[in-house]
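Me: I am new to this structure and would like to know what stands behind the terms used for it. Please take them one at a time.

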Amino acid sequence: MATVWPGRRSTCSSHSLNTGLPAIRGNRFQFGHCPVGKCCRRTFTITNHTCHRFMGFEWEADDPFQFCPKFKLSPVVVQFKDTSPLQTRTAMTDCRTLVLKNNSMLPMAWQLRGLDDLVENFFLSQNNGILDPRSEFEVTLHFKAEQIGSIEKTLRLEVSDAENILGVVQTENIKISAEVYDVSLGIDMPEGADGSLEFGTINVLDKVKKVLSLKIKGIYRIEYRFTLKGAGPRMQDLASYFTVTPQSGMVNASHPDASVEIIFHPTSEILLKNIPILYCQVIDASSGEGGQAVTNIPIRVSAKAEYSKYSIVPASPTDFGAMIKGTKKSRTVVLKNNGTLSFKFHIRREPKLASALESKSSKQGESAPSAKKRSKGRKSGSSTQGHLRLGMFTVSPCSGSVHPSRMQLIKVECLAEQEGTWEEQIYIDIMDRDPTDNPLGIPFTLIVETCVPGLVENVASIFKEYPICSSADLSHQLQSVKGTGLFVRDENRFIFSKVQVGQEAEAHFSICNACRLPCDVALSIKPLPGEEQSLINNIFKLDPVKMSIRGSSSAVATVTFTPPDKQSYDCTFEASLEMPKGSVEVKPQILTFTISGKGQELPVTVVRPSARSKREIAVLRFKRLQLEDTEMLPLVIRNNGIKPVKFMLHLEDEHGVFLLKGRASTFKTFQTGNVEGDSVRNEFDVIFKPTLAQRLEGKICLLVGDSRLTLTELVGEGHMDEFTLDGLKEDPQERNAKSSLKKDIIDAVRGNRFQFGHCPVGKRCRRTFTITNHTRTQFMRFVWDADAIFQFSPKVGHLHPGCAKGITVTLKADVPGTFRRRLVKCKVTKINFKRPRRKVPDWDDQMCIVTWKDIPRKDLAARWFKKERVVETVPEPAHTVLEKSSQEAEVYLSAIVFYTQFKLSTTVVQFKDTSPLQTRIATFRLSNTGKVALEYSWEEAEDSEAVKKQYSSALMQVFPDAICDWSVFSIKPYCGTIYPGQKQAFYTWFSPKCEGTFETTLQCRIPNPKPNQKTGQVIVKAREQKSLGKPLEQREKGQRAKKQKPAPKGQNLCQLKSPEGTSNIVPSAAAGLPPFTRDLCSPHLPAHAKSGCTLSAPRAGLGGSRAGLPNS
């Protein structure tokens, strides 16, 4: 057995044949492919697989064999036919393919010869190579047509073995021929400025046709085909805009010309500007079946389609406004062509009405309004015809044409024939406009209002700034009027009120136009019938004398009244309406009324000071002041007139001791005010600073225009007294004392009045003031006169130079009385001391020395003495009195001593039954009816006690802490002061802790009562509710059904009224009284007032008094 060693193949495959590897198939050895004339060697191994034998072998071989290569080429003839490069921007290039096929079993080498003989127009993709057995290879021959003409060349293919051992074993010739001819198509078209196919600008839905001429320049047939391509996303469907006829065709030498029609028929607005949308494809028909596309010629197109563009000014509606009846007015409507094409227009009535009129006129054989005779002239570049009448309006022209950027003026005339508001509508039809823009025509509305001019005669409108009254209440209205005047309806008269003599007062009258049209009004002021014009000259002035009032508006006529004296003046006011020319003849309207006025005195009055001299001039009285001291008093003046007053205050002061200081400004404009109301007050400060020790006077004058009057007199006095009384409480009536003001020479306020005020009987009242020594080196001694009622402390004393000492005046009166200006004198003398000034001690009779002396005790066994306090008055230091240095200082003391008097609103407070731990509140009032202050304090009477029942077992279980004796009544406030004429409300609380009936007496301690005045006592009664398990609301609800018992005779019941917003008020049957009580559950009262009580007034003395719950 023989085995083929690894590396040898046992089978034969195409791969082994190609690679030359040996193979054994059965008993055959495969050599593979061998070239002719070449020695081919192959080796293989024979293996003996037996273990004990030797094997011998011998080879027998036939004669060697040879292979002949077979190489095929197709095609052997290559022909080129190309067009001229003149039709395209780059030279045309054509190519042919040569197929080399090796049918032998050996790889073959090939090479193309004769390339050098070819022109530069030809080139091969590959000119040599090795072709594997049984395979093909393609070689591309390119031809570039650059010059017209015919070319014939020959290429030779040489085939040899791969290793070129045998040399060239096969040759083939390839004939190459080429013909270059010109395929030229000329297109003649109407060009625009930019070289494009120009269609121009047309209206939408119009048509424009352009013709293209095609001409052939070569000798072969040419086929053409036109196509449309979109120029953008919005121009895809160009077939609806353009039509090409014919779209394709043939042109040859016998028929070298052809015509193509291109129609532009837009269906919407479009704009093409030098855009290539039309392409002409040129096909070489002689190049075979179907031909060959030579080129694609773009044709640029310029076209524009648009609707008629227009504008109408003014826009609809056109309002003629208000017109006077019988007048004529015209308006112009401008119809402008904003496009690039001319358009025609027609103006007609409403489509339905217009069609009806046209049908009627056609039956009668008449022409429709649109068929009227065309006007010969043109206006603003437009041809016009006819006019249209619609109601009170006439429109002309009603048809015509408007060229681009030109306008047509349409005149609309209105003749106001009837009163009222009229509205008509016309329709303007503009040809070739957008179909969606008002298909029936552009509506245009004409509006007019026809009226007759007139003035408003309503009194409230004319005199809207002034009150209107009747003659019956004229006197009352004149006193209370705040403005310039008022109008009396039944007298048809306007009255100026409170006009000062020499001052101007203005009255404003509103003249209202009742029509929407402006009107002219003539104004005049005339004297009353039978009087002369000179009587009112410069007294009544009118501004303006003529006015133009806008429609439905008003204008103000101003009448100025300047009374020269206190006389009464009258005139007649007239407002006459002027009718315009051309209007309906109507009697002009006249408004007339009477104006009256009377002069009055200056309205400025002095509010403070209230003191008046016998000359009825206000007086400012200052105190007697030490030199260089100051006092400031207010000066308040008010304008009682009806208009602002511009004034100036002038201070006349010979010695310069008075100063006028305005709190806002010394030069003001007063605001008008009412005497009885809160008028605006103008306040000033007048300061007095004496520089001379004498009586000083001055005055303040009021300057208003040319008027001058004395407003206030000023009185003061300066002094250089060495001894003065300071800090005295001034009597407010002293400055306004008539006894001092009625003198021919008014003195300054002395300042020695001391007002104690109200003092209780039997109680000490103390007031203090000071005495001052104004000298620099002189000591003084003072002594007060003895008085049983008024006690001075100290009564005697010394005053060091430049020092002051306080004096206390004590008043104690055991009986009521009134002390008015009780004179008490103080004797003052100058004294000297022998000691130096610094060593002189101060002294008065209130100074004392307190010593403690040892006094033996009665008990002899006592070891220490008893201390006793000894008070000794300090003796007056020795001094000498200067001769003729005595002087007296006078003090006038005033006081009112009176008992306290009061009045209680009730003496019995009865609480409704109250459950344990619930609180009820009652209220009553205490009034001070006396002339002195009332001090009070509440306390429980000593004989009062509460009656309580024994505790039940249920009470012990429910309220185990209620056994302690807590207070069940309380009052607030329990102490305080009530001034004369005032009242104080008191609140009483009842808070039971256990079951029982309670009663107590509240005692009001009031000092200084009137001897026969009863003490202030209030009895408080209450009872704790027995039924604890029943809700309080149900118990009170059950009590509502009980009949109220009548009150005992002679007893006034004080019932508490329910506050607003409360409804849980129920009557009580306790103690037979009909009180009102209130539960704690109401949210409308505070916590301290959520309960009720029964207040019973005493049988005598307090009848009619009432008490109520406090308001929340």
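Me: How many aromatic pairs does the structure hold?
Reply: The structure holds 35 aromatic pairs. This is a predicted model, in which local features need pLDDT of at least 70, side-chain atom pairs count only at pLDDT 80 or more, and totals for chains, interfaces and linings use all residues. Residues are numbered from 1 along each chain as its sequence is written, and side-chain values use heavy atoms, with hydrogens and water left out.

Me: Why is the pair of Tyr 224 and Phe 226 called edge-to-face?
Reply: Rings of Phe, Tyr and Trp (its six-membered ring) pair if their centres lie within 6.5 Å; planes under 30 degrees apart count as stacked, over 60 as edge-to-face and the rest as tilted. Tyr 224 and Phe 226 are 5.9 Å apart centre to centre, with 70° between the planes, so the pair is edge-to-face.

Me: What makes Tyr 224 count as buried?
Reply: Buried means under 20% relative accessible area, exposed over 50%, partly exposed in between (1.4 Å probe, protein chains only). Tyr 224 has 4% relative accessibility, so Tyr 224 counts as buried. Phe 226 is buried because its relative accessibility is 4%.

Me: Why is the charged end of Arg 821 said to sit over the ring of Tyr 892?
Reply: The term requires NZ of Lys or CZ of Arg within 6 Å of the ring centre and within 35 degrees of the ring normal. The charged end of Arg 821 sits over the ring of Tyr 892, 5.0 Å from its centre. Lys 931 has its charged end over the ring of Phe 898, 5.2 Å from the centre.
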